[in-house]
Amino acid sequence: MRRLPLLKICGLRPGDDLSFLRHPAVTHVGVVMVPASRRYVAPEDAGPLVRAAKRIRPDVTAVAVVSGGSCDEIGEAARRAGVDVVQLHGGEPQGIEDRLRKAGFQVWRAVAFDPGDDETSFLDTVRSHAAVADAVLFDAKPPSDAKPGVTGGHGRTFDWDRLTQMAVAFNFDWWVAGGITPENVRDLLRRVRPVGIDVSSGVEAGGRKDVGRIHQLIQAMEAWGHESLSIS
Ligand SMILES: O=C(O)c1ccccc1NCC(=O)[C@H](O)[C@H](O)COP(=O)(O)O
């Protein structure tokens, strides 16, 4: 079987059924620490949630998703949450990557995949982020009516084929997020070869994480893993 990409289930909230963590395909979990998000988890609730996840899977990597804020606020929120990675999703202060890394966190930079006509300038921007982060996470551009700060989690996909074309020039770790579902993940993996995928809306039912949908997603990833290599 082909090696599966890493898998982050993002947007966990207190009270979610965390039993999906028993499946080894899930390698990362995310908590959204953006107050304007419907998935917002306050620092005092994020700590117990991350600890509960790590009790089930001590090796799971916990990610705090932030959008804006000062270096001190973000560092303190991540420390209280007990996460391993901070995923920067908005206009954080310059130099924050260095500060967070010195404080012991890995840092990911989310980038809306929107190269437009100026691929060179988009690539320059991506490379400048990659130079100071541990990974870049490509996500869909938020809709124009999104609340300020809610720069992700909209269940929208982007042009995966264009990403694949551009990715030949990447020499850093990159993830794909945005609108991934159990129904489209096999198609995604046939087109794109990221280090990992990040999924939120596509594994929800009634606005909460759904263990059945997460297992369907993993089954679809495994089905891709078992495909004959000649298909891709
Ligand atoms: O999920 C949110 O509500 C959110 C709010 C503000 C900034 C980022 C947010 N999510 C970031 C993520 O990592 C999501 O998993 C990613 O955008 C994919 O989401 P989806 O398209 O819903 O699968």
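**Note on the predicted model**

1. The protein has 7 helices and 10 strands. Both are DSSP runs numbered from the N terminus, helices being H or I with at least four residues and strands E with at least two. This is a predicted model: local features need pLDDT of at least 70, side-chain atom pairs count only at pLDDT 80 or more, and totals for chains, interfaces and linings use all residues. Residues are numbered from 1 along each chain as its sequence is written.

2. Overall size first. The C-alpha trace spans about 50 × 45 × 35 Å along its principal axes. The radius of gyration is 17 Å, which agrees with the value near 17 Å for a compact globule of 232 residues. That radius is taken over C-alpha atoms, and the globule rule is 2.2 Å times the number of residues to the power 0.38.

3. Now the barrel. 8 strands close into it, in the order E1-E2-E3-E4-E5-E6-E7-E8, with parallel pairing. Neighbouring strands of this sheet are turned by 25° against each other on average, direction ignored. Strands count as paired if DSSP finds at least two bridges between them. Strand E1 (residues 6–10) and E8 run parallel and are joined by 4 bridges. Lysine 8 has aspartate 198 of E8 as its bridge partner.

4. Helix H2 lies across E2, strand E3 (61–66) and strand E4 (85–88), and runs at about 150° to E3. Axes are lines fitted to C-alpha atoms, for helices over the stretch in contact; angles run from 0 to 180 degrees between N-to-C directions.

5. H2 (residues 71–81) also meets helix H1 (residues 43–56): their axes come within 7 Å and cross at roughly 35°. H1 contributes Pro43, Ala46, Gly47 and Val50 to the contact, and H2 contributes Ala77, Arg80 and Ala81. Contact requires C-beta atoms, placed from the backbone, within 7 Å. By class, this contact has 5 nonpolar, 1 polar and 1 charged residues. Nonpolar here covers Ala, Val, Leu, Ile, Met, Phe, Trp, Tyr, Cys and Pro; Asp, Glu, Lys and Arg are charged; the others, Gly among them, are polar.

6. What surrounds the ligand? The shell has 27 residues, and the closest are Cys10, Ser37, Gly152, Gly153 and Ser201. The criterion is a C-beta atom, placed from the backbone, within 6 Å. Strand E2 (28–32) and strand E8 (196–199) are the elements that give two or more residues to this shell. The shell divides into 8 nonpolar, 15 polar and 4 charged residues.

Conventions. Contact = placed C-beta atoms within 7 Å.
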